[in-house]
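Hello,

Here is the structure I promised to pass on. Please open it first, then read my notes below.

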Amino acid sequence: MQASQIEIVPFGPDHLEAAVALSRQAGWPHRTEDWQLALALSDGMVAVEDGRVVGTVLVTPYKWDCATINMVIVDETMRGRGLGRKLMDAALLTAGDRPLRLVATTEGLPLYQKLGFHETGTVLQHQGLAGEIVAPVETEAATDADLAGIAELDRLAFGADREGLLSYLAGIGESAVTRRDDRISGFACLRPFGRGEVIGPVVAADLGQARKLIEHFIARRPGRFLRVDTTDETGLSPWLADHGLAHVGGGITMKKPFVHHAAEPAVTTFALASQALG
């Protein structure tokens, strides 16, 4: 049976169990709850062959500013048959005229380049058991009243409106903020994910502030499994390793511009959230 006979259909609740199995096959730590979060914010498609889910892709729109492509997975028995391209074609159609972003594996890089994506950087994934540190005095727990300020700071940093994502994260996790002149000057989010919890997104004015925001959560979770994704240019990688979060891999950040261009970030984003979904 050829890949051309595989049907691409909308991701429905009955596909969830199979999607979790595919991510486990790929060596990814996503739980059912992590998939449910991603699906709540995204338009999903699955590839089905003889009633069996053999591929997935999610498109997460941030209004018309941009969209991210996530969870591109092809069953290992189906690779090399053009299914990845078929899933990406469906994702591009779903995204419409939005500029696109994704984090690529080395294996997926050639396909994304053929589709017009270009490399913009490298994600460094850090994880491990948090060490014991003293809680910083410069940070505080965020409240519901802080969500608007957090969303505005994130929009300046990310270049797109992610208020829906941040609101969802606030409902399942917690956030910390720093303030300057009674205004939010930085924030970090934390939520359950995979084997433990993930810290991100983190937005800060400088490296020192980013460390304090991450320390806010490390200090409250000694011995717990944490994950933080960052980029090489932030300089956070050695510091994270010193605090028990070893560098274990990563990916390649990529963009594809379209008709409507998202604003360029105006604030340094010191840690990605694995695209917040991955």
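Which residue in β10 does Ala188 stand opposite? Ala188 faces Val202 there.

First, the ground rules. This is a predicted model, where local features need pLDDT of at least 70, side-chain atom pairs count only at pLDDT 80 or more, and totals for chains, interfaces and linings use all residues. Residues are numbered from 1 along each chain as its sequence is written, and side-chain values use heavy atoms, with hydrogens and water left out.

**Overall**

The protein has 8 helices and 13 strands. Both are DSSP runs, numbered from the N terminus: helices are H or I with at least four residues, strands are E with at least two. The radius of gyration is 19 Å, close to the 19 Å from the globule rule for 278 residues, so the protein is as compact as a globular protein of that length. That radius is taken over C-alpha atoms, and the rule is 2.2 Å times the number of residues to the power 0.38. The C-alpha atoms fill a box of roughly 60 × 40 × 30 Å along the principal axes.

Of the 278 residues, 53% are buried. Buried means under 20% relative accessible area, exposed over 50%, and partly exposed in between (1.4 Å probe, protein chains only). Take the contacts between residues at least 6 apart in sequence: 73% of them join residues at least 24 apart. A contact means heavy atoms within 4.5 Å.

Strand β10 covers residues 196–203. In β10, 7 of the 8 residues are buried, so the strand is largely enclosed by the rest of the structure.

β10 pairs with β9 and with β11. Two strands pair if DSSP finds at least two bridges between them. Strand β9 (residues 183–193) runs antiparallel to β10, joined by 6 bridges. The two form a hairpin with 2 residues between them. Gly194 sits in that turn, with a positive phi of about 55°. Strand β11 (residues 225–231) pairs with β10 in the parallel sense, over 3 bridges. Here Glu197 stands opposite Leu226 in β11.

**A loop residue**

Val134 lies in the loop between β6 (118–129) and β7 (140–141). Is Val134 buried or exposed? Val134 counts as exposed, because its relative accessibility is 72%. Ile218 is 84 residues from Val134 along the chain, with 8.9 Å between their C-alpha atoms.

Best wishes
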